[in-house]
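Student: I would like to walk through this chain with you, from its overall build down to single side chains. Could we take it one question at a time?

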Amino acid sequence: MRYSRMVFAAAYSVLEDTEAARDASQEAFLRAYLGLRNFRGRSRFSTWLYSIAKNCALDIARRRSRRPAESLEDVPEPSEIPDRRGFIIDEAMRTLDDREREALNLHYKGGLSAREIGELLGLTEVNVRVIMFRARKKLREALRGKEDELLGSQG
């Protein structure tokens, strides 16, 4: 699907959870389909769809925050727990501000160019490139000293 990576990246940038981002993506496409007759063309279709995806993700995040604490039955099996590298990278991503994290997710998970990200976020291509440059620099700093864990064995 043409916009699936972008929609997933938008949802993931809010939720930081693969399964929840998939759910938000499905919901976004459903909402877009049902609301297609309301699309007026004042913005690009991708921008309209991006905002729907982000709103779906925010809705899921709000619902999650109201959920009661996990019970023992909700704790994942060890085989379902991501490897240590995922935790290290997630921790490093949290050092970024929202815009930096969003730009990197749209680029690396969504496969979008700096120009396309700029159109979605209302920024110039140059601004997006600067944001991504600074975000990568912050990530390098946050990951400094953790190379052995990242390149070593999983778990």
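Tutor: Happy to, and what follows is a set of questions and answers on this structure. This is a predicted model, in which local features need pLDDT of at least 70, side-chain atom pairs count only at pLDDT 80 or more, and totals for chains, interfaces and linings use all residues. Residues are numbered from 1 along each chain as its sequence is written, and side-chain values use heavy atoms, with hydrogens and water left out.

Student: How many helices and strands are there in the chain?

Tutor: Helices (H or I, at least four residues) and strands (E, at least two) are DSSP runs, numbered from the N terminus. Reading from that end, the elements run α-α-α-α-α-α-α-α. The count is therefore 8 helices and 0 strands.

Student: What percentage of the residues in the chain is buried?

Tutor: Buried means under 20% relative accessible area, exposed over 50%, and partly exposed in between (1.4 Å probe, protein chains only). The chain has 155 residues, and the buried part of them is 34%.

Student: Leaving aside neighbours within four places in sequence, which residues is Val7 in contact with?

Tutor: Contact means heavy atoms within 4.5 Å. By that rule, and with those neighbours set aside, the partners of Val7 are Ser25, Ala28, Phe29, Leu49 and Ala53.

Student: Where is Glu16 found, and what is its phi near?

Tutor: Glu16 is found in the loop between α1 (4-15) and α2 (18-35). It counts as partly exposed because its relative accessibility is 31%. Most residues other than glycine have a negative phi. Glu16, by contrast, has a positive phi, near 55°.

Student: Is Arg101 buried or exposed, and which side chains does its own side chain join in polar contacts?

Tutor: Arg101 is found in helix α5, and it counts as buried because its relative accessibility is 10%. A polar contact is a pair of N or O atoms within 3.5 Å; within protein, one must be able to donate a hydrogen and the other to accept it, and residues adjacent in sequence count only if both atoms are side-chain atoms. Not counting residues up to four places away in sequence, Arg101 touches Ser13, Glu16, Met93, Arg94 and Leu96. Its side-chain polar contacts include one of 2.6 Å with Asp98 and one of 3.1 Å with Glu16.

Student: Which side chain does Glu102 join in a polar contact of 2.6 Å?

Tutor: Glu102 also has its place in helix α5, and at 7% relative accessibility it counts as buried. Leaving out residues up to four places away in sequence, it touches Ser13, Tyr50, Lys54 and Leu121. The 2.6 Å polar contact is with the side chain of Lys54.

Student: Which backbone nitrogens does the side chain of Asp97 lie 3.1 Å from or reach at 2.8 Å?

Tutor: Asp97 lies in the loop between α4 and α5 and is partly exposed, with a relative accessible area of 39%. A polar atom of its side chain lies 3.1 Å from the backbone nitrogen of Arg99. At 2.8 Å, the side chain of Asp97 reaches the backbone nitrogen of Glu100.

Student: Which residues does Phe45 touch, not counting those up to four places away in sequence?

Tutor: Phe45 is found in helix α3 and counts as partly exposed, because its relative accessibility is 28%. Its C-alpha atom is separated by 10.0 Å from that of Ala32, 13 residues apart along the chain. With those close in sequence not counted, Phe45 touches Tyr3, Leu36 and Phe39.
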